[in-house]
Amino acid sequence: MIKISNAAKAVVAALAAGAATVATAVQDGTFTAGEGVTAVLALLGALGITYAVPNRPADADRVTPGRGI
């Protein structure tokens, strides 16, 4: 199994969120300051939240009573 670091996972999530918001913002042919702020906040939010959430331990592949899926 390939182990992905928290930092790499966060960077990929931030790039995906930033690209999605920018692609949505330019649909009307203009890119306003408000849309820019939204894109930056989406990028920073995805980066911070994804970095803060730990990766699931490798032994969590099994269903254990009381631990959920």
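What covers the buried residues of α2? The cover includes α1 (6–25), as the following views of a predicted model show.

**View 1. Overall fold of the chain.** The secondary structure comes to two helices and zero strands, where helices (H or I, at least four residues) and strands (E, at least two) are DSSP runs numbered from the N terminus. Of the 69 residues, 13% count as buried, that is, under 20% relative accessible area, with exposed meaning over 50% and partly exposed in between (1.4 Å probe, protein chains only).

View 2. The 20 residues of α2 (residues 33–52) should span 28 Å at 1.5 Å a residue, and the end C-alpha atoms are 28 Å apart, which agrees; the expected span is 1.5 Å times one less than the number of residues. G36, A39, A46 and T50 are the buried residues of α2. Seen down the helix axis, these fall within an arc of 100°, so they line one face of α2; the arc is that of the directions from the axis to the C-beta atoms. On the other side of α2, the exposed residues are A33, L41, I49 and A52.

**View 3. Packing of α1 against α2.** The two axes come within 8 Å and cross at roughly 160°, being lines fitted to C-alpha atoms over the stretch in contact, with angles from 0 to 180 degrees between N-to-C directions. That makes α1 roughly antiparallel to α2 (over 145 degrees). Contact (heavy atoms within 4.5 Å) involves residues including A10, A14 and V22 of α1 and A39, L43 and A46 of α2.

**Notes.** Residues are numbered from 1 along each chain as its sequence is written, and side-chain values use heavy atoms, with hydrogens and water left out. In this predicted model, local features need pLDDT of at least 70 and side-chain atom pairs count only at pLDDT 80 or more, whereas totals for chains, interfaces and linings use all residues.

Notes
Angles under 35 degrees count as roughly parallel, over 145 as roughly antiparallel, 65 to 115 as roughly perpendicular and the rest as oblique.
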